[in-house]
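Notebook open, model loaded. I want to look up the core first, then the strands, then one loop.

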Amino acid sequence: MNAEEEPEIIMSDLCADVEIDGHFLTVDIYKSDIDPGWILEVINEFGTSTVFDDPFLADGLAWQQFEKTLKEEGLAAFLTKKEKRQLFH
């Protein structure tokens, strides 16, 4: 790969659109062909992206983290303060 080539992005088969109580999230799990760590990104219905800081060793671990965060914090974990006010007040 020369300096001008962009790394290839590999999307996990676990990527999904998820509906929770009538609200939608897009869960993207991906890595590049030059880095083995999987990135977890959750995009809410407003287009706001939440990217987890640390890469995961496997895409399944990234999905488990999404489920854990959703269970512990709910949909609000993926919303800004302004978005929370729009949806919940």
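**Core**

I started at F66, which touches V18, L25, V27, L40, V42 and F78, leaving aside residues up to four places away in sequence; contact here means heavy atoms within 4.5 Å. This is a predicted model, where local features need pLDDT of at least 70 and side-chain atom pairs count only at pLDDT 80 or more, while totals for chains, interfaces and linings use all residues. Residues are numbered from 1 along each chain as its sequence is written, and side-chain values use heavy atoms, with hydrogens and water left out.

Next I looked up the largest nonpolar core, and F66 is one of the seven of its 17 residues that touch the most other members, along with L25, V27, I29, L40, V42 and F78. β2, β3 (23-32), β4 (35-44) and α1 (59-73) each supply at least two residues of this core, and α1 gives the most, with four. For the record, a nonpolar core is a set of buried Ala, Val, Leu, Ile, Met, Phe, Trp, Tyr and Cys residues joined through side-chain atoms within 4.5 Å. Buried is under 20% relative accessible area, exposed is over 50%, and partly exposed is in between (1.4 Å probe, protein chains only). Helices (H or I, at least four residues) and strands (E, at least two) are DSSP runs, numbered from the N terminus.

**Strands**

How many of the ten residues of β3 are buried? I get seven, so β3 is largely enclosed by the rest of the structure. Then I went through its pairings (DSSP must find at least two bridges between two strands).

- β1 pairs with β3 in the antiparallel sense over three bridges, and M11 has Y30 as its bridge partner in β3.
- β2 runs antiparallel to β3, with five bridges; E19 stands opposite F24. The two form a hairpin with two residues between them, and D21 in the turn has a positive phi of about 50°.
- β4 pairs with β3 over seven bridges, again antiparallel, with T26 partnered by I43 in β4. I noted a hairpin here too, with two residues between the strands.

**Loop**

Last stop was the loop between β1 (9-11) and β2 (16-20), where D13 sits. S12 is in that loop as well.

D13 and I29 are 16 residues apart along the chain, and their C-alpha atoms are separated by 8.3 Å.
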